[in-house]
There are 2 protein chains.
Amino acid sequence: MSFFRRHGSQHSKQYGTQYGTQHAHAPALAPPGTKYTRASGRYPVGSGVGGFAVIRESVPPPGANPKLWAWFVSVDVDRSGSISAPELQRALINGDWTPFDLDTVKLLMGLFDTNRTGDIDFNEFSGLWRYIEDWQHVFRRFDRDGSGTIDGSELQSALSQFGFKLPHHLLALLVAKYASSPTGSEVLGRPSITFDRFMRACVFVKQFTESFRGLDGDNDGWVRLNYEQFLTVYFSLP
Amino acid sequence: MSFFRRHGSQHSKQYGTQYGTQHAHAPALAPPGTKYTRASGRYPVGSGVGGFAVIRESVPPPGANPKLWAWFVSVDVDRSGSISAPELQRALINGDWTPFDLDTVKLLMGLFDTNRTGDIDFNEFSGLWRYIEDWQHVFRRFDRDGSGTIDGSELQSALSQFGFKLPHHLLALLVAKYASSPTGSEVLGRPSITFDRFMRACVFVKQFTESFRGLDGDNDGWVRLNYEQFLTVYFSLP
């Protein structure tokens with residue numbers, strides 16, 4: 001299963017020997033115990049040259065994990081020093097080589113672009129990397145048949161582990177919504193969900209449930225909404 | 001603006017001279033007055049050869065528009081005689097060369113796979129083609145600055161034309177949801193929406209509004225929902 005597509009950037013070459021044995025599409029490993037947010041040093045920045053974006057020498061900030069830095073530099077194709085949504089989308093692929101949905105990329109950037117610049121800097125990238133890695137472990141654990149995609153019963157197990165129990169008809173609707181094909185007929189007739197859509201489905205169920213609980217002030221299992229409130233809830237979900 | 005990416009199929013070559021002057025990525029034109037559904041003849045079907053899918057001779061069904069047939073054959077890369085979701089997704093591109101979202105492809109297949117086979121046959125393709133063409137006219141009309149994407153005020157105009165008036169803060173949330181970048185900083189700081197996401201945003205507003213009206217039985221502007229009903233509405237929307 002691969003999540004990052006490494007670009008043939010000249011910057012990545014300097015890490016070539018260090019990672020020569022690693023498959024080009026295997027995800028790099030973050031060091032154990034890394035938190036989602038981590039302080040980083042400032043980047044050494046050169047001066048603007050020839051109308052291109054400021055060239056950043058690819059020297060990792062002090063204390064940076066060099067593997068992670070190599071990935072960051074490789075994803076930052078225009079060498080702007082930060083990763084834009086299109087750059088992130090080009091870099092992120094599922095195990096079946098399909099790209100991540102733009103909506104998953106937007107979800108990730110919403111979670112990790114903590115300073116709201118519209119780009120992911122190296123500090124934010126560290127958190128994003130670890131987050132994807134954690135989801136990768138979850139995905140592998142629940143992809144019991146090793147198909148590389150998640151089917152309905154595997155999704156049910158994952159949600160159950162997270163504390164969510166959906167009745168069967170709602171689970172079926174959830175699977176239909178996040179399946180990678182309209183009818184799920186691609187993989188032996190069972191709806192199959194790729195990694196990025198699995199991640200989004202789980203985050204959706206969690207956030208939806210929290211939103212509902214927040215609206216259900218008297219905890220009677222019912223909420224009352226007008227058109228604007230209803231739409232606002234919808235727009236807040238991934 | 002281009003919506004269909006023509007594959008280098010050998011079948012499409014036979015239409016090469018006929019459409020030689022047409023740009024490879026320009027959408028073909030359906031004949032005036034074509035409806036979304038149209039009866040078509042049966043396909044001449046050969047026998048299975050060498051383990052591949054059944055080879056269909058690329059002779060259009062009686063009465064078929066030859067341009068449309070050429071596109072259909074070109075999109076049907078595996079020559080199965082119908083178009084799968086992955087084939088359709090590979091064929092559909094926005095004017096900025098980004099692929100259509102999988103969720104847009106699923107929306108289209110949900111609308112036009114009327115016999116629910118999970119594939120689009122030529123008859124269904126005719127309807128789909130015309131539908132996209134109609135949306136293309138809408139998109140061009142409301143893309144007033146000719147940027148190839150729709151910004152907030154252009155979306156507002158389009159929705160207003162369709163009879164929907166969203167208050168400013170909801171419009172801003174809608175734009176953020178469907179914009180092609182997390183912050184919309186890509187195009188002169190204004191959120192920009194590609195063709196396929198514009199189409200989905202409009203269909204969403206229409207369907208959401210209809211769902212809300214359906215739930216608001218006493219027409220007082222409020223609906224009361226439990227968790228399952230709320231989720232069911234969500235899953236019914238594109």
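**View 1. The overall make-up of chain A.**
In this predicted model, chain A is built from nine helices and one strand, and when these elements are read along the sequence they follow the pattern α-α-α-α-α-α-α-α-β-α. Chain A has 238 residues, of which 50% count as buried. When contacts in chain A are taken between residues at least 6 apart in sequence, 60% of them join residues at least 24 apart.

**View 2. The two annotated spans of chain A.**
The UniProt record, which is an unreviewed entry, places the feature "domain: EF-hand" at residues 63-98 and 130-165 of chain A. Over residues 63-98 of chain A, the chain is 47% helix and 0% strand, with 34 Å between the end C-alpha atoms. For residues 130-165 of chain A, the span is 64% helix and 0% strand, and its end C-alpha atoms lie 27 Å apart.

Helix 6 of chain A runs over residues 152-161, and within it A:Gly152, A:Glu154, A:Leu155, A:Ala158 and A:Leu159 are buried. These residues are on the same side of helix 6 of chain A, because they cover an arc of only 160° around the axis. Among the parts that cover the buried residues of this helix are helix 5 (122-142), helix 7 (168-178) and helix 8 (195-215) of chain A. The N-terminal end of helix 6 of chain A is capped by A:Asp151, which has a side-chain oxygen 3.2 Å from the backbone nitrogen of A:Ser153. Just after the helix, A:Gly163 takes a positive phi of about 95°.

**View 3. The surroundings of A:Arg200.**
A:Arg200 belongs to helix 8 of chain A, and with a relative accessible area of 4% this residue counts as buried, because the limit for that term is under 20%. Its side chain makes a polar contact with the side chain of A:Asp101, at 3.0 Å. When neighbours within four places in sequence are left aside, the residues in contact with A:Arg200 include A:Asp103, A:Thr104, A:Leu107, A:Tyr178 and A:Pro238 of chain A, together with B:Asp103 of chain B.

**View 4. The interface of chain A and chain B.**
The contact takes 49 residues from chain A and 50 residues from chain B, and the area buried between the two chains is about 4600 Å², of which carbon and sulfur atoms give 67%. Six salt bridges are counted between chain A and chain B, and one of the pairs that meet in a salt bridge is formed by the side chains of A:Asp103 and B:Arg200, at 3.1 Å from N to O. Across this interface, 20 residue pairs are in polar contact, with both residues at pLDDT 80 or more. On the side of chain A that touches chain B, at least two residues each come from helix 3 (85-91), helix 4 (102-112), helix 7, helix 8, strand 1 (222-226) and helix 9 (227-236) of chain A. Helix 9 of chain A gives the largest share of that side, namely nine residues.

**View 5. Helix 6 of chain B and what covers it.**
In helix 6 of chain B, which spans residues 168-178, the buried residues are B:Leu170, B:Leu171, B:Leu174, B:Val175, B:Lys177 and B:Tyr178. Seen down the axis of this helix, they fall within an arc of 160°, so they line one face of helix 6 of chain B. The cover over these buried residues includes helix 4 and helix 9 of chain A, as well as helix 5 (152-161) and helix 7 (195-215) of chain B.

Conventions: Residues are numbered from 1 along each chain as its sequence is written. Chains are lettered from A and ligands numbered from 1 in the order in which they are written. This is a predicted model: local features need pLDDT of at least 70, side-chain atom pairs count only at pLDDT 80 or more; totals for chains, interfaces and linings use all residues. Side-chain values use heavy atoms; hydrogens and water are left out. Buried means under 20% relative accessible area, exposed over 50%, partly exposed in between (1.4 Å probe, protein chains only). Helices (H or I, at least four residues) and strands (E, at least two) are DSSP runs, numbered from the N terminus. The arc is that of the directions from the helix axis to the C-beta atoms. Contact means heavy atoms within 4.5 Å. A polar contact is a pair of N or O atoms within 3.5 Å; within protein, one must be able to donate a hydrogen and the other to accept it, and residues adjacent in sequence count only if both atoms are side-chain atoms. UniProt positions are given in the numbering used here, feature names are shortened, and annotations may be inferred rather than shown by experiment. Buried area is the accessible area (1.4 Å probe) that two parts lose on being put together, summed over both. A salt bridge is a side-chain nitrogen of Lys or Arg within 4 Å of a carboxyl oxygen of Asp or Glu.
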